[in-house]
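Open the model in a viewer with a selection tool ready.

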Amino acid sequence: MNQARRESYLTLIESLFSCPSGERRAILKANLQLLDDGFAQYLREWATQTLAKLDSDKAYNCTRILNNLNLIFSTFQQGNRASNLEIAIACLEIGLTIFTREAYPEKWASVQNTLGVAYRNRIRGDRGDNLERAIAAYELSLSVRTREAFPRYWEMTQNNLATAYRDRIKGDPGENLERAIGFYELSLSVRTRDACPEDWARSQNTLATAYLCRIREDREENLEMAIAAFELALSVYTREAFPQDWAMTQHNLSLAYSCRIRGDKGENIERAIIACELALSVRTRDAFPEIWAMTQNILATAYCQRIREDRGENLERAIGFYEAVLSVYTRDAFPEKWALTQNKLAAAYYSRIRGDRGENIERAIA
């Protein structure tokens, strides 16, 4: 970076550290052109040179400001999301040079937990490596946040660790899911519905997704446990109180019913369709185009599989839904999802009953 850029970064840092906390977002909005990966790099250089020269009280105050900046950058809607997360991570890792385990064990554990969340959400770098860093940070946090000393923080970090293992890329997939389920269940031993209903519902939903993906044990039983946990989540996640969480859980429930082994196959598909349609009453294209397309895709597949009603009409509806999905899942924006949806659409055209058979096959080939 050139000298002029470095000077601009320094001016921004000095403004952020000297202003009242309530003004920081406005300052960042006025300096969006400086919020890039270079700023994260310069912030680390500045901290290395500056914090070592400060007495303990001033260094402590600087670290509190860095923690505040992390909260801002991790939720900042303006600028580049990937760069904002790099800056948030820099703030946290700089803070750990002052909030050490020896000097401030509780604050150190809190920052480690927050750092784990930042690495799990990170866009830059290798996804697998980021998740390993998240897991390492959560485990460090839990070395202080024990169940006996800090039960509320312990269960929160256990839940975060579970989600990281659920999403983990490295290691054995079956073992990762087993560990995720174990950590979710540990979290739920403290995170009860009575004490913290919203967090409890969130954990039920994430535990259910782990059971839905589970490789080990009996597949039939895993799906039943997933459905039960999703329905428990919906006892708190009502449409009125938590519309987006309710819609997300309805979407997940539709997946579980689509895969269900027990019960009547036709009835399971009907339940999957109903859950998708409920989700889409909140997940509209205008408000949430990407997740609308995701749920619309599941609905299309359910109509392809549908046993009840007219088979020809079910396939027409499936084709219509897939084509609607492709208006969002374009090749340029979502190449892999576009390709998967094209493949499903081809299968629907191949199976199509209405229209000219030759034309349907040509469309499937295309």
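Start by selecting arginine 308, which is partly exposed at 35% relative accessibility (buried is under 20% relative accessible area, exposed over 50%, partly exposed in between, with a 1.4 Å probe and protein chains only). This is a predicted model, in which local features need pLDDT of at least 70 and side-chain atom pairs count only at pLDDT 80 or more, while totals for chains, interfaces and linings use all residues. Residues are numbered from 1 along each chain as its sequence is written, and side-chain values use heavy atoms, with hydrogens and water left out.

**Salt bridges**

Arginine 308 sits in the loop between α14 and α15 (311–325) and aspartate 264 in the loop between α12 and α13 (265–280), so the pair ties together parts that are 44 residues apart in sequence. Aspartate 264 is partly exposed, at 46% relative accessibility. A salt bridge here is a side-chain nitrogen of Lys or Arg within 4 Å of a carboxyl oxygen of Asp or Glu; helices (H or I, at least four residues) and strands (E, at least two) are DSSP runs, numbered from the N terminus. By the salt-bridge rule the count is 28.

Next, select glutamate 290 and lysine 337, which form a salt bridge at 3.4 Å, N to O. Glutamate 290 belongs to helix α14 and lysine 337 to helix α16 (residues 335–351), so this pair ties together parts that are 47 residues apart in sequence.

Then go to glutamate 93 and arginine 44, whose closest N and O atoms are 2.9 Å apart in a salt bridge. Glutamate 93 is in helix α5 and arginine 44 in helix α3 (residues 37–50), 49 residues apart. Both ends are partly exposed: glutamate 93 has a relative accessible area of 24%, and arginine 44 is at 32%.

For a network of salt bridges, select Arg152, Glu155, Arg191, Glu198, Asp199 and Arg202.

The largest pocket holds about 760 Å³ of space. It is lined by 23 residues, of which Arg120, Arg166, Asn205, Thr206 and Met248 are the closest to its centre. On a 1 Å grid over the protein atoms alone, a pocket is an open set of points where a 1.4 Å probe fits, with protein on both sides within 12 Å along at least five of seven lines; lining residues have an atom within 4 Å of a point. Grid points are joined across faces, edges and corners, and a volume is the space filled by probe spheres set on the points.

Which helix gives the most to the lining of the largest pocket? Colour α8 to see the six residues it supplies.

Move to the second largest pocket, with a volume of about 400 Å³. Its lining has 19 residues, and the closest to the centre are Asn70, Leu71, Ser110, Asn113 and Thr114. Helix α6 has the largest share of this lining, eight residues.

**Nonpolar cores**

Finish with the largest nonpolar core, of 81 residues, where Leu16, Phe17, Phe39, Leu43, Leu69, Phe73 and Ile87 touch the most other members. Helix α4 gives the most to this core, with eight residues. A nonpolar core is a set of buried Ala, Val, Leu, Ile, Met, Phe, Trp, Tyr and Cys residues joined through side-chain atoms within 4.5 Å.
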